[in-house]
Amino acid sequence: MTSYMNKIERYGREIRDLTVSPFETMEMLHLRSALEKEISNMDENEQLRLLYFDLEVIQNIQNIYEHINNIYDFSTSKEPDTEWWWHLDKVINGEIRIKSYPLYTEKNIAL
């Protein structure tokens, strides 16, 4: 079984450090998308840790948006709305609402 905790912890560090260049912070969005593709393979602890960091993004969304918006136009994002981290502008203005976060058991059933 693969452990995703190292990547999840890296995601957590990257969302907290806005002293780096916006280009480095953009890597956080790519990392989050990669984690999303593997979420159903993560154990519950990994999923909860990822949720914890997602909540930190939401709590600090304006600062993260302003930092990345210097180099990236969120309004041109082609990623699906389910990858809300690519649409921070829409989350801020209420166009996208983050309703719930599924946790998966070994049977891949949303909790």
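How many salt bridges does the structure hold? The count comes to six. The model is a predicted one, so a word on confidence comes before the details. Across the protein chain the pLDDT averages 88, and 87% of the residues score at least 70. Residues 107-111 are another story, with a pLDDT below 50, although this stretch still has eight contacts in the model beyond near neighbours in sequence. Where pLDDT is low, the predicted coordinates are not something to read in detail.

Of its 111 residues, 39% count as buried. Taking contacts between residues at least 6 apart in sequence, 65% join residues at least 24 apart. The chain exposes about 6,900 Å², and carbon and sulfur atoms supply 49% of that area.

Back to the salt bridges. One of them pairs the side chains of Arg 49 and Glu 9, at 2.6 Å from N to O. Arg 49 sits in helix 3 and Glu 9 in helix 1 (residues 5-16), so this pair ties together parts that are 40 residues apart in sequence. Both partners are partly exposed: Arg 49 has a relative accessibility of 28%, and Glu 9 has 24%.

Glu 56 and Arg 16 also meet through their side chains, again at 2.6 Å from N to O. Here too distant parts of the chain are linked, with Glu 56 in helix 3 and Arg 16 in helix 1, 40 residues apart. Glu 56 is buried, at 17% relative accessible area, whereas Arg 16 is partly exposed at 47%. Elsewhere, salt bridges that share partners join Arg 32, Glu 36 and Asp 54 into one network.

Arg 10 is partly exposed, with a relative accessible area of 36%.

A polar atom of the Gln 47 side chain lies 3.1 Å from the backbone oxygen of Ile 39. Ile 58 has its place in helix 3 as well, but Ile 58 is partly exposed, at 31%. Together with Leu 55 and Ile 98, Ile 58 makes a nonpolar surface patch of about 220 Å².

Key
Residues numbered from 1 in each chain as written. Predicted model: local features only at pLDDT ≥ 70, side-chain atom pairs only at ≥ 80, totals over all residues. Heavy atoms only, no water. Patch = residues over 30% accessible without salt bridge, like charges linked within 9 Å, V, L, I, M, F, W, Y side chains within 5 Å. Areas by Shrake-Rupley, 256 points an atom, 1.4 Å probe, with all protein chains shown as cover. Salt bridge = Lys/Arg side-chain N within 4 Å of Asp/Glu carboxyl O. Helix = DSSP H or I, 4+ residues; strand = E, 2+ residues; numbered from the N terminus. Buried < 20%, exposed > 50% of the residue type's maximum accessible area, 1.4 Å probe, protein only. Polar contact = N/O pair within 3.5 Å; in protein donor to acceptor, adjacent residues only side chain to side chain. pLDDT = per-residue confidence, 0-100. Contact = heavy atoms within 4.5 Å.
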